[in-house]
Amino acid sequence: MPTTTMLDQATAMIENAWGQPIEALEVLGVRRPSEDPLLRCAMHTRAALAITDSAVTVHQDRLHALSRHGYVPDFYELDRITETAVKLRVAHAESRAYLQAIRRVVEAREAAAPEVEASAVRLAQAAVARSGQTRHAPGAVPQPSSPAAVVGPSAPTTGPRR
């Protein structure tokens, strides 16, 4: 059973946040970068994560080859093992940092979502309100849809006026 890599985790996180497959999001991030800068940021960070994820795989394979069961490394290979282990740790740390950065971008998008949804609701309400109005010629004053309110008493007074 293969384990999920940090790249797989980041891909799932981005797909869940934007609700589309990663292939479609890659196209959107490149073609329309100004429409969703958070998507562009997430996709750039994911690209960097893909590079470090590849480095993790290479260093793990090299370390496994140098320390496989039954293999006795030569003296000069001990330095290669130590160097590979250090590079593996660095690549893991970079991958964790990129994954954390993507997590923060997704959180920022979620925090901004209520504002975006609220503005979309306001736009929809304004469109509905405008659709109920009657059209009039440019420059003409629209007639009120209800009679003007009467100021003062509505019934005539019976007493003398002073």
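Me: What makes α1 and α3 roughly antiparallel?

Reply: Start with the angle. In this predicted model, the axes of helix α1 (residues 6-18) and helix α3 (residues 37-66) cross at roughly 165°. Angles over 145 degrees count as roughly antiparallel, so α1 and α3 get that label.

Me: How far apart are the axes of α1 and α3 there?

Reply: They come within 9 Å. You want that value as well as the angle, because two packed helices are described by the angle between their axes and the distance between the axes. As for handedness, the crossing of α1 past α3 is left-handed.

Me: Which residues of α1 and α3 meet?

Reply: On the α1 side you have Met6, Leu7, Ala10, Thr11, Ile14 and Trp18. Across from them, α3 brings Leu38, Leu39, Ala42, Met43, Arg46, Leu49, Ala50 and Asp53. Sorted by class, that contact holds eleven nonpolar, one polar and two charged residues.

Me: Why is His59 called buried?

Reply: His59 has 12% relative accessibility. The cut-off for buried is under 20%, so His59 counts as buried.

Me: Where is His59, and what does His59 touch?

Reply: You'll find His59 in helix α3. Leaving out residues up to four places away in sequence, His59 touches Thr84, Lys87, Leu88 and Ala91.

Me: Where does Tyr71 lie, and which residues does Tyr71 touch?

Reply: Tyr71 is in the loop between α3 and α4 (75-131). With residues up to four places away in sequence left out, Tyr71 touches Ala65, Leu66 and Glu77.

Me: Zooming out, how do you know what pattern the protein chain follows?

Reply: Read along the sequence and you get α-α-α-α. That goes with the count of four helices and zero strands.

Me: What share of the contacts in the protein chain comes from residues 24 or more positions apart?

Reply: Take the contacts with a separation of 6 or more: residues 24 or more positions apart account for 65% of them.

Technical notes
Residues numbered from 1 in each chain as written. Predicted model: local features only at pLDDT ≥ 70, side-chain atom pairs only at ≥ 80, totals over all residues. Heavy atoms only, no water. Helix = DSSP H or I, 4+ residues; strand = E, 2+ residues; numbered from the N terminus. Contact = heavy atoms within 4.5 Å. Axes fitted to C-alpha atoms, helices over the stretch in contact; angles between N-to-C directions. Parallel < 35°, antiparallel > 145°, perpendicular 65-115°, else oblique. Left-handed = near helix turned anticlockwise from the far one by under 90°. Nonpolar A, V, L, I, M, F, W, Y, C, P; charged D, E, K, R; others polar. Buried < 20%, exposed > 50% of the residue type's maximum accessible area, 1.4 Å probe, protein only.
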